[in-house]
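Biologist: Could you take me through the aromatic rings and how they pair, with the cut-offs behind each term?

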Amino acid sequence: MRAFVTVIGKDRVGIIAAVCTLLAEKKVNILDISQTILHDSFTMIMLVDAAGCEISFETLSAELSSLGDSLDLNIRIQREEIFNAMHRI
Amino acid sequence: MINKGEILQTIEMIDQQHLDVRTITMGISLRDCCHPDINICSEKVYDKICRLAGNLVKTGEQISSEFGIPIVNKRVSVTPISIVAESCEAEDYLPLAKALDKAAKTVGVDFIGGYSALVHKGCTKGDARLIRSIPEALSETDLVCSSVNIGTTRAGINMNAVREMGTIIRRTAELSDGFACGKLVVFCNAVEDNPFMAGAFHGVGEPECEINVGVSGPGVVSEALKYCKGQPLDVVAETIKKTAFHITRVGQLVAQEASRRLDVPFGIVDLSLAPTPAIGDSVADILEEIGLSSVGASGTTAALAMLNDAVKKGGVMASSNVGGLSGAFIPVSEDAGMIRAAMAGNLSLEKLEAMTCVCSVGLDMIAIPGDTSADIISGIIADEAAIGMVNNKTTAVRIIPAIGKTVGDIIDFGGLLGRAPVMPVNTCSPALMIARGGRIPAPLHSLKN
């Protein structure tokens with residue numbers, strides 16, 4: 001199951017490391033990463049494959065969200081289909 | 001491959017512009033639950049709803065979490081209870097309302113609709129009993145919604161039912177300080193697959209069970225219009241169409257997923273732009289973004305007609321099956337911009353009536369003075385039904401006599417139902433006309449002028 005992880009917020013040291021560590025621990029494979037500073041805010045988008053993930057998608061989503069809270073960032077994971085549905089015919 | 005801009009646009013729509021799926025509504029046929037003993041009938045109703053909708057809320061929450069899209073309500077609609085209860089020997093259908101309420105609470109849905117009767121041509125014994133029981137049914141339950149269809153384009157308007165519904169709405173208000181009237185709607189040309197409350201019921205032409213989804217997103221439309229300031233109205237219409245397409249695609253995805261996971265056929269996506277009282281989630285804001293200083297100004301009806309049409313044109317292509325009410329909703333209490341306009345005196349009941357000629361549904365969530373007579377309420381229903389009947393569209397009245405309150409006071413429903421300023425009503429009496437009863441014949445379908 002492919003999904004997009006988006007990380008948006010104030011830039012600081014170690015954001016990518018923290019997110020990648022959590023994903024690696026849960027056996028989520030990162031397929032693509034793009035990261036930029038957009039309107040003064042750190043914006044990272046990762047395409048991931050959660051097929052091998054050891055926990056449920058809801059739990060993974062909750063853990064990413066609470067990691068975001070601890071780093072003062074907005075972190076979410078959404079299945080790829082919602083973006084395809086909205087932007088592709 | 002989806003690009004970064006598209007991903008961020010989707011997230012912005014959800015986070016800042018209130019894009020959501022308003023409801024996943026499971027329609028359930030209760031036609032196999034009839035029984036002469038109302039207690040056995042109630043048990044069968046309760047058991048069937050719990051059996052079919054048991055996983056609805058959990059599935060909705062899973063879909064919401066996986067796709068990152070809020071699904072605000074999970075609801076159930078059922079066969080009009082007047083049909084299910086017709087063969088019961090009991091005079092009072094209150095036990096069935098309580099069974100619906102209990103089932104809704106057990107499965108965890110937000111509302112259950114279908115405490116309904118379709119009486120556009122006349123009442124059966126069961127219809128009459130159900131209508132009589134509405135005030136108690138709505139004031140003694142929490143989640144049950146009721147609707148009565150009193151007219152159609154093909155049958156005309158049942159003025160006896162119109163007369164009775166004026167009294168029923170008043171009685172419902174008296175038993176609940178007005179609050180239960182938010183769960184009661186009187187229709188002309190009711191649709192069978194509407195997922196929105198209070199008017200949802202599972203029509204007799206529908207399958208055993210199905211999933212209908214109602215989308216929302218007025219905030220997304222008004223945000224998109226900020227990028228075409230000063231442009232001609234055809235550019236505005238085109239922008240609304242494109243935005244409605246995006247919104248509806250999300251609804252279609254959610255509907256298909258819910259249908260697959262629950263193993264229940266997908267019915268329809270309802271394209272309605274449904275506002276909430278939250279700031280930035282308002283249909284009135286869209287009309288004001290088009291260029292009105294306040295909703296209610298001259299030009300409001302024209303702007304709304306365009307909005308309603310563009311939403312349908314954009315949405316129809318985004319979904320394989322479109323149905324329900326599909327259009328722009330204008331409930332006063334549920335829309336921050338409508339509340340603002342009504343409180344400032346810029347929006348009258350008469351203007352709202354004109355607006356209902358060109359948009360989805362009708363006079364919706366409007367608080368009127370608590371001393372408004374049943375005859376006047378019936379007159380309002382008759383006018384609105386006539387608009388629906390002649391224009392071949394659904395119209396409805398969900399009006400709240402605010403008991404003990406008068407013009408300028410506020411009635412606060414809380415949650416999605418919002419708060420409404422009590423609006424002035426023309427106090428001239430239609431009593432003699434309403435007392436006549438009978439039927440208004442169906443209109444001619446030729447010689448259109």
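Modeller: Phe4(A) and Phe83(A) are both buried, where buried means under 20% relative accessible area, exposed over 50% and partly exposed in between, with a 1.4 Å probe and protein chains only. This is a predicted model, in which local features need pLDDT of at least 70 and side-chain atom pairs count only at pLDDT 80 or more, while totals for chains, interfaces and linings use all residues. Residues are numbered from 1 along each chain as its sequence is written, chains are lettered from A and ligands numbered from 1 in the order in which they are written, and side-chain values use heavy atoms, leaving out hydrogens and water.

Over all chains, a search of the whole structure finds three aromatic pairs (rings of Phe, Tyr and Trp, the last by its six-membered ring, with centres within 6.5 Å; planes under 30 degrees apart are stacked, over 60 edge-to-face, the rest tilted). Phe4(A) and Phe83(A) form one that is edge-to-face, at 5.4 Å centre to centre and 90 degrees between the planes. This pair links distant parts of the chain, 79 residues apart, with Phe4(A) in strand S1 and Phe83(A) in helix H3 of chain A (DSSP runs numbered from the N terminus, helices being H or I of at least four residues and strands E of at least two).

In chain B, the ring centres of Phe179(B) and Phe413(B) are 5.6 Å apart with planes at 80 degrees, so this pair is edge-to-face. The two residues lie 234 residues apart, Phe179(B) in the loop between helix H7 and strand S6, Phe413(B) in the loop between strands S12 and S13. Phe179(B) is partly exposed at 38% relative accessibility, whereas Phe413(B), at 14%, counts as buried.
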